[in-house]
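Please read it alongside the sequence and the coordinates.

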Amino acid sequence: MTIAVIRFGGSNCDRDAVQALESLGVDAELVWHEDGLPAEVEGIVLPGGFSYGDYLRAGAMAARSPIMDEVRAAADDGMPVLGICNGAQIGSESSLTPGAFTTNESARFQCEHVHLRVENADTPWTAAYEEGDVIELPIAHGEGRFEVDDDRLEQLEADDRIVFRYCDAEGTVSPEANPNGSKHSVAGVTGDRGDHVAVLMPHPERATLEDLGNTDGAGVLEGFRA
Amino acid sequence: MTQFTATVTVRLKTGVLDPEAETTQRALERLGFELEDLRSADHFEIDLEADSVDDAAERVESMAERLLANPTIHDYEVEIDHR
């Protein structure tokens with residue numbers, strides 16, 4: 001099992017993702033987007049960063065690069081795809097996942113630790129947790145506010161497509177515990193092709209290595225072993 | 001072929017929060033200006049050659065659909081002028 005971590009110009013969490021995956025015994029390699037998807041790959045990470053300088057909208061340019069056609073085709077065939085932070089923005093901009101991640105309510109870049117409640121433990125990315133578990137992960141984004149129209153959001157909730165919501169340390173979801181103004185505090189959603197595709201704004205790869213003092217995110221990356 | 005300039009204006013849909021516009025409004029108010037509301041929009045000017053206004057409009061609308069706007073959060077308008 002080799003996971004391709006796709007590096008775009010401006011990706012900066014790509015090596016973190018490789019290191020975090022390898023610490024879990026999952027083989028991972030960096031793939032430059034212009035080189036295309038290697039044939040033997042069995043999973044894909046769209047990593048965090050500032051691809052193309054966040055020009056136009058965060059993720060907009062990378063979402064339209066040729067390798068994303070290959071990623072969408074692979075996702076159609078059931079390949080696991082995880083988008084993290086800028087990777088989440090790329091995922092939504094490329095129609096892998098619903099909604100949009102746009103300017104934080106604060107209009108500021110926010111770099112802090114947040115709590116997340118596991119909303120659906122029946123996905124590869126959350127199988128390591130129980131529904132209702134509270135985990136702590138870092139966020140680092142200026143455009144992380146989940147936005148989608150009300151009808152679509154209602155459908156996503158009815159279909160159990162929300163994987164994580166921002167919450168406080170006790171697991172209570174509230175406007176005060178919503179760092180960026182995301183609609184219904186959504187921090188991560190599954191893809192339209194099935195729950196083998198998911199994106200989230202917080203960084204599980206920055207909370208996987210024991211040396212960093214918090215391994216709450218390891219369970220998300222364990223999804224590649226499912 | 002005729003030379004045209006297309007103007008694409010991309011706005012947030014009504015009801016979508018615009019934190020940058022709110023921040024800009026507050027900054028103007030701090031400078032002592034009085035205003036009721038402020039909305040921001042992205043504005044693109046595209047020079048192109050096309051057979052007709054309709055042909056130019058069709059191509060530019062496709063550009064807006066596929067890249068310049070994100071249909072989840074944006075509405076857009078296209079205006080075509082002779083150059």
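How much space lies in the second largest pocket? In this predicted model, the volume of the second largest pocket is about 430 Å³. The largest pocket holds about 580 Å³ of space. Chain A and chain B bury about 1,200 Å² between them, and 18 salt bridges are found over all chains.

**Second largest pocket**

- A total of 26 residues line the second largest pocket, and those nearest its centre are Leu56(A), Thr102(A), Thr103(A), Asp42(B) and His74(B).
- Two or more lining residues come from each of α4 and β5 (100–102) in chain A, and from each of β1 (2–12), α1 (19–30) and β2 (41–50) in chain B.
- The lining of the second largest pocket comprises ten nonpolar, seven polar and nine charged residues.

**Largest pocket**

- The largest pocket has a volume of about 580 Å³.
- The lining of the largest pocket consists of 27 residues, with Arg64(A), Glu93(A), Ser95(A), Asn70(B) and Pro71(B) closest to the centre.
- Chain A contributes to this lining through α3 (66–76) and α4 (86–93), and chain B through α2 (53–68), each of these helices supplying at least two residues.
- Twelve charged, ten polar and five nonpolar residues make up the lining of the largest pocket.

**Interface of chain A and chain B**

- Contact between the chains involves 15 residues of chain A and 14 residues of chain B.
- Carbon and sulfur atoms give 63% of the buried area of about 1,200 Å².
- On the side of chain A that touches chain B, β5 and β8 (145–147) of chain A are the elements that give two or more residues.
- That side of chain A has six charged, five nonpolar and four polar residues.

**Salt bridges**

- The structure holds 18 salt bridges over all chains.
- One salt bridge joins Lys183(A) to Glu147(A), with 3.3 Å between the closest N and O atoms.
- Because Lys183(A) lies in the loop between β9 (162–167) and β10 (186–191) of chain A, and Glu147(A) lies in strand β8 of chain A, the pair ties together parts that are 36 residues apart in sequence.

Terms used: Residues are numbered from 1 along each chain as its sequence is written. Chains are lettered from A and ligands numbered from 1 in the order in which they are written. This is a predicted model: local features need pLDDT of at least 70, side-chain atom pairs count only at pLDDT 80 or more; totals for chains, interfaces and linings use all residues. Side-chain values use heavy atoms; hydrogens and water are left out. On a 1 Å grid over the protein atoms alone, a cavity is a set of points where a 1.4 Å probe fits but cannot get out, and a pocket is an open set with protein on both sides within 12 Å along at least five of seven lines; lining residues have an atom within 4 Å of a point. Grid points are joined across faces, edges and corners, and a volume is the space filled by probe spheres set on the points. Helices (H or I, at least four residues) and strands (E, at least two) are DSSP runs, numbered from the N terminus. Ala, Val, Leu, Ile, Met, Phe, Trp, Tyr, Cys and Pro count as nonpolar, Asp, Glu, Lys and Arg as charged, and the others, Gly among them, as polar. Contact means heavy atoms within 4.5 Å. Buried area is the accessible area (1.4 Å probe) that two parts lose on being put together, summed over both. A salt bridge is a side-chain nitrogen of Lys or Arg within 4 Å of a carboxyl oxygen of Asp or Glu.
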